[in-house]
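Subject: Structure handover

Hello,

I am passing on the structure below. Please keep it open while you read the notes that come after it.

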Amino acid sequence: MKLEDYLPEVPEMTKSLGDIHNTLEWLNLNKGYNDASASSESGRTPTLGIETVVNGWIRNQMAYRKQLVQDIQTIAMQVEEIRAPLHHITNEVFRRGIKLVPDTEKPDHEEVERLKKYMEDCNIFDQSLEQVLRQVHFDLNSTDDAFIYLVKDYFVDKKDKSVNSKVREIRRLNPALIEFDLDNKGVPKHSHWVCPVDRNDVSETEGKCDKGHERLPVMYRYRHRETNIYLFNDEVIHVSKFSPSETYGWSPILTIFEKALTLIGMDKNLYRYFFERKMPSSMLMVHTDDPESLRRERANLIANVKADPNFIPMVAVSSRNQRGRVDMVRLFHTLQEMDYLPVRQEIRERVSAMWGVTPAWQGAPEAFGGLSTQTQQLVVMSRVVEGDQRIFHEKIFPSILKAFNVTEWKLELPNPEEKAEATRISFALQRTQLAAQLAQLGYDVNLKDSSVDVEEARFVVSGEPKMVEAQTKQMEQMVEMQDQQIEQMGQQAEMAQQQAAMGGGAEGGGEQQMSPDLAQLLQQQSEDQPLFKSKKPPWRRKHGGRWQGITPSNSDVSVQDETDKLEERTKKFFDTFATKSWMQDLADKGYPAPLIKEMSDDGTKLWFSQNESQYVAFLDDGRLSRVEKATFAKPPEPTKTESISSNPVIEDIMNDE
């Protein structure tokens with residue numbers, strides 16, 4: 001039988017009351033905004049508070065929040081598998097302390113004098129700022145809610161009657177005693193207003209206090225000895241790590257609550273097993289028809305053993321009926337039988353994984369199985385520490401600096417992962433090598449700071465690369481020097497011919513002495529060329545004036561053809577080398593300072609070295625197509641009259657097929 005069978009009008013009345021309630025809630029929500037915009041043409045959307053379900057849950061749990069947070073804190077301090085990871089994380093975050101570093105090139109040192117004092121003694125309990133933040137960090141990882149209280153002194157400026165503040169203390173607030181001041185709709189700063197000068201002036205409506213100062217909206221409410229202390233938004237710094245929301249976080253201990261209770265039960269079981277044991281671990285049950293004889297024999301054995309430790313007992317066993325037997329009954333299980341250690345280790349790893357603490361940081365021997373595994377565990381822990389430090393750098397430190405009106409300095413938690421000396425030297429060497437390669441390319445490389453350690457040396461790069469122009473100019477100078485040497489040899493040959501002709505036609509004259517090299521050059525010149533030189537312009541001479549008007553022999557023509565090919569290769573080399581496209585391609589592919597050694601005849605292959613390694617670059621219309629490792633052919637066996645060249649020969653790469 002249902003209620004509607006007796007009162008059929010109840011469901012309809014209940015529905016009507018629900019509709020009326022929802023309508024009144026909507027009207028109350030929009031009333032303030034409609035009144036504000038009634039006399040103007042502007043408007044705004046309503047401010048929504050926390051969801052109805054969440055707001056109702058928070059309001060119902062307020063009476064139990066204090067006890068819940070205290071239980072969580074007790075578990076965090078009592079269970080070793082929880083306290084140890086939190087302790088390790090906090091130690092790593094603050095291992096290198098808190099540093100005050102400048103944020104500009106020329107900071108003002110006077111604005112941080114007061115802050116430096118508070119870093120050493122920040123409250124009436126003579127706690128340093130690091131000690132307070134260590135407590136805050138433990139609250140952050142255990143209850144997922146951390147509160148920092150900036151105790152301020154308020155005073156009125158006599159000139160403009162404005163209210164100013166000054167930080168007096170920095171305290172940590174227990175998360176179990178502080179809560180958000182929310183109204184019925186779940187909106188903060190709409191429930192109470194307090195005068196900053198007269199904190200006893202608390203009102204449920206905004207306006208001015210009796211002294212004429214504007215009341216400020218309340219954000220937090222602190223329970224102190226059964227009374228409420230209302231705090232403003234800029235007086236409390238609230239952070240949440242795991243489940244940040246509009247109000248409170250969600251403690252990770254609630255996620256592993258059953259595992260934490262299991263660990264507590266296992267510890268108590270061990271304690272009772274080894275300390276409070278009030279019964280034997282096992283007993284012997286002997287099946288016999290004469291228990292009195294058994295007792296007498298047992299007492300006799302005990303007396304003989306006490307008298308003589310080397311006494312060998314002799315036990316007589318009847319074999320008539322074959323019914324007697326001895327059973328051992330265990331009253332306790334061993335740790336191996338209960339599988340105690342593997343279960344505890346599994347729970348330990350699951351609990352530590354909640355905070356990202358690896359077994360290597362808990363002193364577990366099995367965690368040091370290999371170098372790669374250990375390194376990965378250190379990297380994971382380092383990332384956890386960096387994440388916690390980021391919370392301080394982005395939320396807590398800026399609020400503290402703003403309260404002290406510090407703008408040119410910043411608080412910093414250094415990264416705890418200190419680099420080894422060999423690593424720092426390696427990085428410095430890499431920076432130096434890179435600067436040297438850039439200098440070879442033609443950039444202007446200068447030392448950034450002159451008075452620094454070698455490990456901290458930094459370089460400033462400017463200008464444009466000039467390596468191509470410099471190498472091209474060097475090659476042109478080499479070719480010019482070769483032309484000058486050839487011209488000097490030709491002049492020496494002509495002078496030798498003239499001297500030979502003058503010496504042969506003179507009568508009665510003595511023979512003129514000459515060097516063997518000059519005589520050999522004179523003989524070759526006299527066989528191949530005449531003793532006169534054409535006076536025609538070069539462009540009108542035979543063969544372009546190359547042979548001074550005399551028809552050359554076949555051997556001369558072949559030699560000249562090879563010379564023309566060499567000149568054409570040199571010109572093609574210059575045309576290709578002068579372009580910056582393939583040089584830039586080499587630099588982009590990781591060869592910033594190549595040492596050019598040889599180019600193929602067609603200009604499509606280039607032999608160069610980089611960092612004592614040989615490479616061959618394949619060019620296509622002046623652009624780099626690919627780079628390969630150079631392979632060298634095995635040199636031929638030398639004969640008695642031949643010697644092996646010191647230059648390697650690239651097999652099937654530089655030569656055309």
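The notes below go from the chain as a whole to single residues.

This is a predicted model, in which local features need pLDDT of at least 70 and side-chain atom pairs count only at pLDDT 80 or more, while totals for chains, interfaces and linings use all residues. Residues are numbered from 1 along each chain as its sequence is written, and side-chain values use heavy atoms, with hydrogens and water left out.

Overall

The protein chain has 16 helices and 19 strands. Helices (H or I, at least four residues) and strands (E, at least two) are DSSP runs, numbered from the N terminus. Of the 657 residues of the protein chain, 31% count as buried; buried means under 20% relative accessible area, exposed over 50%, and partly exposed in between (1.4 Å probe, protein chains only). The accessible surface of the chain is about 44,700 Å², and 51% of that belongs to carbon and sulfur atoms. These areas come from the Shrake-Rupley method with a 1.4 Å probe, and for residues only the protein chains shown count as cover. A contact means heavy atoms within 4.5 Å. Among contacts in the chain between residues at least 6 apart in sequence, 60% join residues at least 24 apart.

Confidence

The average pLDDT of the protein chain is 76, and 68% of the residues score at least 70; pLDDT is the predictor's confidence in each residue, from 0 to 100. Over residues 367-372 the pLDDT is below 50, and this stretch has five contacts in the model beyond near neighbours in sequence. Residues 505-512 also stay under 50, with one contact beyond four places in sequence. Where pLDDT is low, the predicted coordinates should not be read in detail.

Salt bridges

Side chains of opposite charge can pair when their charged atoms come close. The structure holds 21 salt bridges, each being a side-chain nitrogen of Lys or Arg within 4 Å of a carboxyl oxygen of Asp or Glu.

- Arg168 pairs with Asp153, with the closest N and O atoms 3.1 Å apart. Arg168 lies in strand β3 (residues 163-173) and Asp153 in strand β2 (residues 146-156), so the pair ties together parts that are 15 residues apart in sequence. Arg168 is partly exposed at 43% relative accessible area, and Asp153 is partly exposed at 31%.
- Arg223 pairs with Glu179, with the closest N and O atoms 3.7 Å apart. This pair links distant parts of the chain, Arg223 in strand β8 (residues 220-224) and Glu179 in strand β4, 44 residues apart. Arg223 is partly exposed at 40%, whereas Glu179 is buried at 4%.
- Arg95 pairs with Glu92, with the closest N and O atoms 3.4 Å apart. Arg95 is partly exposed at 41%, and Glu92 is buried at 9%.
- Glu80, Glu81, Asp267, Arg344 and Arg348 are linked in a network of salt bridges.

Two buried loop residues

Asn123 sits in the loop between α5 (113-120) and α6 (129-142) and is buried, with a relative accessible area of 5%. Leaving out residues up to four places away in sequence, Asn123 touches Val132, Glu169, Ile170 and Arg171. The C-alpha atoms of Asn123 and Glu169 are separated by 4.7 Å, although the two are 46 residues apart along the chain. The side chains of Asn123 and Gln127 are joined by a polar contact of 3.1 Å. A polar contact is a pair of N or O atoms within 3.5 Å; within protein, one must be able to donate a hydrogen and the other to accept it, and residues adjacent in sequence count only if both atoms are side-chain atoms.

Ser191 is in the loop between β4 (178-180) and β5 (193-194), and is buried at 15%. Its side chain has a polar contact of 3.0 Å with that of His192. Not counting residues up to four places away in sequence, Ser191 touches Asp181, Leu182, Asp183, Ser203 and Glu204.

Surface patch

Leu284, Val286, Leu294, Val326 and Met328 form a nonpolar patch on the surface, with about 480 Å² of accessible area together. The elements giving two or more residues to this patch are β11 (282-287) and β12 (325-330). Patches are made of residues with over 30% relative accessible area and no salt bridge, with like charges joined within 9 Å and nonpolar side chains (Val, Leu, Ile, Met, Phe, Trp, Tyr) within 5 Å. Val286, found in strand β11, is partly exposed at 38%.

Regards
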